[in-house]
Every structure is written in structure tokens, then in C-alpha cells.
Amino acid sequence: RYILKMKINLDKISMTVNGAASIVGEGLQHLVTKGDIDYQPFMGHISDFTFPAAVTSYILLRTNSKNSAKIPISIASFLTSGEMVEKFTNFGINGGTYDPNDIACYWLGAGLAYGIHKIQIINFNKLNSTDYAKSKL
């Protein structure tokens, strides 16, 4: 079994990387709308995946909730509800276009951030356990 030997805060890394990628994704979409670059299918989903991941990582970083599984579910559900409003009404929330792939991206991004958070907790617990400390003496 491999255990990270340093207490690296994976939530901070996930929040930062996904936040930056979300900004890049939105920037690419802006360049497409201006006609500066050609559209590629992945461009429309970068921020749909990375924004929920960044927000989930941020909230998990700031809370010590025993019910941390509710955080990614809440974030993805909130974003999904926006897509459903677009599907059943003419009121545009998430850009005015319903896309079921966006919903998948919301859930995958939030789920990825939660998985990273759980890996971090398991790693921290192993590093702090007396068995691990004794085995390294």
C-alpha cells in the first residue's frame, strides 16, 4: 500500500486546479463566441466539470461536516435543477441551452472532488495512526 508521506492538502490542490481550469474553459467559450477560435466539443464542458469540482473542494475544505457526502450531492443537484428549468421553461439560467451532458459533468465534477477529499481523509488518518508511526521507527 502506498501512503503519501506528507500532509498534502488535496482539497486545496483540487480547488485551485479546477478553479483555474474553469476560468480557462469559460475563456475559451468567450473566444469562440467572438469568432477568434473554432469551437471544439470539449470546450463547452470544461467548466461544467471543473466548476462543481472547485466549489465542492472549497466547501469541503472549509467545513468539518460528518455529512460531507451531502455537499457534492447538494451542489450537483442545484446545478441540475438549473438545467431542468431550462428544459421545461423558456427561462435561461445556465446559458439558455439544455444539455444532458452538462448534468453528467456536474455530477462527475462534484463526485471527483468528493473522491479526492475522501482519499485525503484516509491518508491523513493513516499518517496520524500510531501503527503507521511505529512502523516507521
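Does Asp48 count as buried or exposed, and what is its relative accessibility? In this predicted model, Asp48 has a relative accessibility of 12% and therefore counts as buried, since that term covers residues under 20%.

The secondary structure of the protein consists of 5 helices and 0 strands, so that, read from the N terminus on, its elements follow the order α-α-α-α-α. Of the 137 residues in the protein, 30% count as buried. Among the contacts in the protein with a separation of 6 or more, 63% are made by residues 24 or more positions apart.

Helix H2 spans residues 43–62, and its axis comes within 10 Å of the axis of H3, with the two crossing at roughly 145 degrees. The crossing in which H2 passes H3 is right-handed. On the H2 side, the residues that meet H3 are Phe51, Pro52, Val55, Thr56, Ile59 and Leu60, while on the H3 side their partners are Ile71, Pro72, Ile75 and Leu79. By class, this contact of H2 with H3 has 9 nonpolar residues and 1 polar residue, with no charged residue taking part.

Helix H3, which covers residues 70–88, also pairs with helix H4, which covers residues 100–128; here the axes come within 9 Å and cross at roughly 170 degrees. Angles over 145 degrees count as roughly antiparallel, and H3 and H4 are therefore roughly antiparallel to each other. From H3, the residues Pro72, Ile73, Ala76, Ser77, Leu79, Thr80, Glu83 and Met84 meet Asp102, Ile103, Tyr106, Trp107, Ala110 and Tyr114 from H4. The residues of this contact of H3 with H4 divide into 10 nonpolar, 2 polar and 2 charged.

With these helices in place, the opening residue can be set in its surroundings. Asp48 belongs to helix H2, and, when residues up to four places away in sequence are not counted, Asp48 touches Asp102, Cys105 and Tyr106. Two of these partners, Asp102 and Tyr106, are also named among the H4 residues that meet H3. Asp48 and Gly109, although 61 residues apart in sequence, are 7.8 Å apart in space, C-alpha to C-alpha.

Definitions and conventions: Residues are numbered from 1 along each chain as its sequence is written. This is a predicted model: local features need pLDDT of at least 70, side-chain atom pairs count only at pLDDT 80 or more; totals for chains, interfaces and linings use all residues. Side-chain values use heavy atoms; hydrogens and water are left out. Axes are lines fitted to C-alpha atoms, for helices over the stretch in contact, and angles run from 0 to 180 degrees between N-to-C directions. Helices (H or I, at least four residues) and strands (E, at least two) are DSSP runs, numbered from the N terminus. Angles under 35 degrees count as roughly parallel, over 145 as roughly antiparallel, 65 to 115 as roughly perpendicular and the rest as oblique. Contact means heavy atoms within 4.5 Å. Ala, Val, Leu, Ile, Met, Phe, Trp, Tyr, Cys and Pro count as nonpolar, Asp, Glu, Lys and Arg as charged, and the others, Gly among them, as polar. Buried means under 20% relative accessible area, exposed over 50%, partly exposed in between (1.4 Å probe, protein chains only). A crossing is left-handed if the near helix is turned anticlockwise from the far one by less than a right angle, and right-handed if clockwise.
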